[in-house]
Structures are given as C-alpha cells and as structure tokens.
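Me: I should like to learn how to read the charged features of a protein structure. Could the explanation begin with the general idea and then turn to the case at hand?

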Amino acid sequence: KQIQDNTQEICSLEESIDEINSRIERFESIKENFPLDGLKRKIDRLNEMNRSLTKMEAILDKESTAVENLRKRVRILGSVPCGDSFPTCRFIKDSHESKDKIEGKEELVLSLQTEVDNLKARVQELESQGLRNKLERYQKMLVKESSERISLAEKEGMLLNCHEKSINLEKEKERESDILAELKMRSDIDKSNELKKLKAKISAC
C-alpha cells in the first residue's frame, strides 16, 4: 500500500512539474520577445515631455496674464480725452509703454500656445499606447514567474524525497521477502526432521 501510494504521489508530482515548466517556458518566450528597453525609453521620454509640458504651461499662463494686464493698460488710452497724442504724459505713459510691448507679447503667447498644443498632442499619442500599463503587466508576469520557479523547486524536492522513499520501500520489501523465504526454509527443514522422526518410530514398532 505504501509503495502504491508513493508511486501515485510521484506521478502527481511529475505531472505538476511538467505543467509548471510549460508555464515557465511561456514566460521565457514572452520575455525574449518583449521590447523592455524600448518601452522604458518611451516611458522616460513621456515623463520628460510631461515635465516640459508642465513648465511650458506655467510660462504660458504667466505670459497670458501679462498680456491681459497690458491690454487693460492700453484700454486706458481710450478713456482719456488726449488719447495717444501725448505718449510722455505722466498719466498715460504706462499705457503707451504697454501699447508698445503688447504686440511682441501677443506673438510670444501665440508661439507658446502652439508649442504647448504640439507637445500635448505628442504626450497624448504616447499615453494612448498604454506604456505604463504594459510595463506593469510585464512586472506582474515576472512576479508570477518567480513564484512558479519557487513552486518548481519545492515540487522537485518533494519528488526527490519520493524517489528516495521508493528505493527504501523496495529495499524493505526485499528484506521482508528474504526473511519470509528464510522462515519458510526453516519450516520445511523442521517439517522434514519431524517426518524422519515419525518414520523412525514407525519402523521401530
């Protein structure tokens, strides 16, 4: 019974080991074909682009506010009787200076807005590829592979123990068979001796 149970355990372990090895082979195949370095470079580029976008949006916001302030100052010229006839007038000098600056500032804001829009489009294009999600799934797969390798080592250790147990059980079976054979031999000898004694008694009668 012990030998039979141990044999069944060996078969079960060997089947489990084959299944684990099959899964590990699939993991190895995925790792071999997975563009890990390229994916990491894309993620680094995406992170850098996001940092640049944040900085550019801050600059754009600052310059847009500056343009709006300049426009408010220029509007003062429309509310005074002398308009822009006296650009050195101390009351409207600031408004005249703003009028001189506004065109350049507006061009700067327009240029910044174009750059921000272009960068946003590139960021969205990269984010649409699900780069971080792909890397996360790959890392989860590595965790699973590691777990499978640990399980494989445990199963192989159990299988080795079962094989050793099988050898010991077979040896024990052989010893018991030898003892049984020896006992049977002794029994046959004893029976033969008894038979001889009985025959001798009969002859003596």
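Reply: A charged patch is made of residues with over 30% relative accessible area and no salt bridge, with like charges joined within 9 Å. The model shown here is predicted. In it, Arg41, Lys42, Arg45, Arg122, Lys134 and Arg137 form a positive surface patch. Two or more residues of this patch come from each of the elements α2 (36-77) and α4 (131-204).

Me: Which element gives the most to the positive patch?

Reply: The largest contribution is that of α2, with three residues. Lys42, for instance, lies in helix α2. Because its relative accessibility is 31%, Lys42 counts as partly exposed.

Me: Which residues gather in a patch of negative charge?

Reply: The negative patch on the surface brings together Glu14, Glu15, Asp18 and Glu19. Of these, Glu14 belongs to helix α1 (residues 2-33). Glu14 has 34% relative accessibility and therefore counts as partly exposed.

Me: Which residues are buried in α1?

Reply: A residue is called buried when its relative accessible area is under 20%. In α1 this applies to Asn6, Ile10, Leu13, Ile17, Ile20, Ile24 and Phe27.

Me: How is the span of α1 to be checked?

Reply: One takes 1.5 Å a residue, so the 32 residues of α1 should span 46 Å. The end C-alpha atoms of α1 are 47 Å apart, which agrees.

Me: How many salt bridges does the structure hold?

Reply: A salt bridge pairs a side-chain nitrogen of Lys or Arg with a carboxyl oxygen of Asp or Glu within 4 Å. The structure holds nine. One of them joins the side chains of Arg149 and Glu28, at 2.5 Å from N to O. Arg149 is in helix α4 and Glu28 in helix α1, so this pair ties together parts that are 121 residues apart in sequence. Arg149 is partly exposed at 38% relative accessibility, and Glu28 is partly exposed at 33%.

Me: What separates Arg51 and Glu48 within helix α2?

Reply: The side chains of Arg51 and Glu48 meet in a salt bridge of 2.8 Å, N to O. Because they are three residues apart in helix α2, about one helical turn separates them.

Me: Is Glu145 buried or exposed?

Reply: Glu145 is buried, with a relative accessible area of 5%. Its side chain meets that of Arg149 in a salt bridge of 3.1 Å, N to O. Through shared partners, salt bridges join Glu28, Lys31, Glu145 and Arg149 into one network.

Technical notes: Residues are numbered from 1 along each chain as its sequence is written. This is a predicted model: local features need pLDDT of at least 70, side-chain atom pairs count only at pLDDT 80 or more; totals for chains, interfaces and linings use all residues. Side-chain values use heavy atoms; hydrogens and water are left out. Patches are made of residues with over 30% relative accessible area and no salt bridge: like charges are joined within 9 Å, nonpolar side chains (Val, Leu, Ile, Met, Phe, Trp, Tyr) within 5 Å. Accessible areas come from the Shrake-Rupley method with a 1.4 Å probe; for residues, only the protein chains shown count as cover. Lys and Arg count as positive and Asp and Glu as negative; His and the chain ends are not counted. The place of a charge is taken as NZ of Lys, CZ of Arg, CG of Asp or CD of Glu. Helices (H or I, at least four residues) and strands (E, at least two) are DSSP runs, numbered from the N terminus. Buried means under 20% relative accessible area, exposed over 50%, partly exposed in between (1.4 Å probe, protein chains only). The expected span of a helix is 1.5 Å times one less than its number of residues.
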